[in-house]
Amino acid sequence: MPGLVSVKTPPDASPLTISVPEAGSVSESRNSKFTSPTPKKTPSPSTSRSRPSPDRKKKSPESPVLDESSLDNPDLGPFLLKLARDAIASGDGPNKALEYALRASKSFERCAAEGEPSLDLAMSLHVVAAIYCSLGRFEEAIPVLERAIGVPEVARGADHALAAFSGYMQLGDTFSMLGQVERSIQCYEEGLKIQIEALGETDPRVGETCRYLAEARVQAMQFDEAESLCKKTLEIHSVHSEPASLEEAADRRLMALICEAKGDYESALEHLVLASMAMIANGLDNEAAAIDVSIGNIYLSLCRYDEAIFSYQKALTVFKSSRGDNHPSVASVFVRLADLYYKTGKLRESSSYCENALRIYAKPVPGTTAEEIAGGITEISAIYESINEPEEALKLLQKALKLLEDKPGQQSTIAGIEARMGVMFYMAGRYGEARSSFESAVAKLRASGERKSPFFGVVLNQMGLACVQLFKIDEAVELFEEARGILEKECGPCHPDTIGVYTNLAATYDAMGRVEDAIEILEYVLKLREEQLGTANPDFDDEKRRLAELLKEAGKARNRKAKSLQNLIDPNSKRTKKETKRWSGLGFRIG
């Protein structure tokens, strides 16, 4: 039985080397090199990569003169696929290869027996889609792959299962490159189901696909689902791999990332220590140093600053000795140290480390990716923003945006940067620029399928506030109402972000003269506070006063029921309230 494997391009792979599989083969190989499970880089869609033999002549294949009738020749499809492979190998580029691959797929389709699925057709369609992706034409690759998925019949055996699995995984990667994370996850799940049906639930290749899907879940911030998949992967690898294997180390690094995101720092630390031991046992010092940085991050979250500094310095020593003083990995440690010293009040040291990191990013060594640089300077911008240097922070965010603007698969990251810029513009009183930044972020999040995430709801709320400041009240109402629907469903009515949207929506209704609607919302908010959240929150008095003014204006009295003493006590009254900026005249709030 041919192996069903998860197709993933490692982060350090050379860009877009397409190879066309031999006729009759639909299997796709996976690079066996260990890669970090950190899901910051989106895997690129590709077919298997087989190098041409050294003695192959680098001569451009001549384009054959073919008419439509020749496509009925069953030997033509394999011949055209060979020409496509030769076109790529000779450096003629993917356009000529695309022409050959398209004609090959037509030939396979015409030569297929009626009523019988053609795996050769499915294979040629995978090749066509891969070439489209290499040209950056991801939208055109999607219908090709959707067609390829419909060709094989899984019930016919392992070859058909492999073709269907490969198609779903390649389609998922293509959606991922377009930033459509939810649709990519759906494709990966379908591929995983087919793989499990063909190989069983405990096959090590199923474990690889589970981890792959878990990484996608982390990207979508679906941490509970990611944790379940990662646990399954660990269970599979514990059976089939040696103790302290590289597979187990990769699983534990991903599990640590998930635990950290969920606030379970102790468990994250345990997984990272075990992963570090595995790396050291296998002689991978640089990978162990990268884990030391992650361990430092956990110590920083736990406010164990001395231990965090020790972990960072340990990693820094390894990176400098093995990669040089100007490597981006060195800069990344400088950024972490800058954040640590900011949090401990040592601003001079923090600024110094930021400047050292920026010097490295300004003159990157060969092989440094734009994503690495953009990620680093985005983190530095957050530190500058925290130490009250907003202009410098904005410049860095704009630079990061420019680095990522033409990179596929980065739409969600770009949207996050634009949303941050929007908030900074808003706080600086530059409301027009703030609205433009939020509008661009919202458009990208809609296109990437994140319109149901809490983050999307928060961005809609922020954009609504910018519209209010620009007197675009009707637009603001639409944004607040959409944000309310999302946050009510994803976070619940009692979440601070949802309460903030309620308050903003009530103020907007008031400004529009929709007093009855404003009264209804404020009564609901006060009821939530009195019955569930408690009345010790400072916002309660403002909301109560505003409701009284509206009721007086409408000539009504508040519709309320008697509340028990227990409901009037705020269980969180001893906690420090997060600072919010309020506009006392209208009651707007920005989180």
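Buried means under 20% relative accessible area, exposed means over 50%, and partly exposed is what lies in between (1.4 Å probe, protein chains only). This is a predicted model, so to speak of local features takes pLDDT of at least 70, side-chain atom pairs count only at pLDDT 80 or more, and totals for chains, interfaces and linings use all residues. Residues are numbered from 1 along each chain as its sequence is written, and side-chain values use heavy atoms, with hydrogens and water left out.

**Exercise 1. Two loop residues**

Work out where methionine 221 lies and whether it is buried, partly exposed or exposed.

Solution. Start with the backbone: methionine 221 has a positive phi of about 60°, although it is not a glycine. Helices here are DSSP runs (H or I, at least four residues; strands are E, at least two), numbered from the N terminus. Finally, its relative accessibility is 49%, so methionine 221 counts as partly exposed.

Now try cysteine 303 along the lines of that solution. Its phi is near 60°, again a positive value in a residue other than glycine. Cysteine 303 belongs to the loop between α11 (285-301) and α12 (305-323). With 49% relative accessibility, cysteine 303 counts as partly exposed.

**Exercise 2. A serine in a helix**

Find which residues serine 311 touches, leaving aside its neighbours within four places in sequence.

Solution. First, serine 311 lies in helix α12. Then check accessibility: at 6%, serine 311 counts as buried. Contact means heavy atoms within 4.5 Å. On that basis, and with those neighbours set aside, serine 311 is in contact with Asp292, Ile295, Gly296 and Tyr299.

**Exercise 3. How α16 meets α17**

Decide how helix α16 and helix α17 are oriented to each other.

Solution. Take the axes, which are lines fitted to C-alpha atoms (for helices, over the stretch in contact), with angles running from 0 to 180 degrees between N-to-C directions. Those of α16 (residues 390-404) and α17 (residues 411-427) come within 10 Å and cross at roughly 155°. Angles under 35 degrees count as roughly parallel, over 145 as roughly antiparallel, 65 to 115 as roughly perpendicular and the rest as oblique. So α16 and α17 are roughly antiparallel to each other. Among the contact residues are Leu394, Leu397 and Leu401 of α16, along with Ile414, Ile417 and Met421 of α17. Sorted by type, the contact has twelve nonpolar, two polar and two charged residues. For that sorting, Ala, Val, Leu, Ile, Met, Phe, Trp, Tyr, Cys and Pro are nonpolar, Asp, Glu, Lys and Arg are charged, and the others, Gly among them, are polar.

**Exercise 4. Helix α20 and its partner**

Describe α20 itself, then its pairing with α19.

Solution. Helix α20 (residues 473-490) has 18 residues and reaches 26 Å from its first C-alpha to its last, close to the 26 Å expected at 1.5 Å a residue. That expected span is 1.5 Å times one less than the number of residues. Buried residues in α20 include Ala476, Leu479, Phe480 and Ala483. Just after α20, glycine 492 takes a positive phi of about 95°.

Turning to the pair, the axes of α19 (residues 454-469) and α20 come within 8 Å and cross at roughly 160°. That makes α19 roughly antiparallel to α20. Leu460, Met463 and Cys467 are among the α19 residues in this contact, and α20 brings residues including Leu479, Phe480 and Ala483. The tally is 15 nonpolar, three polar and three charged.
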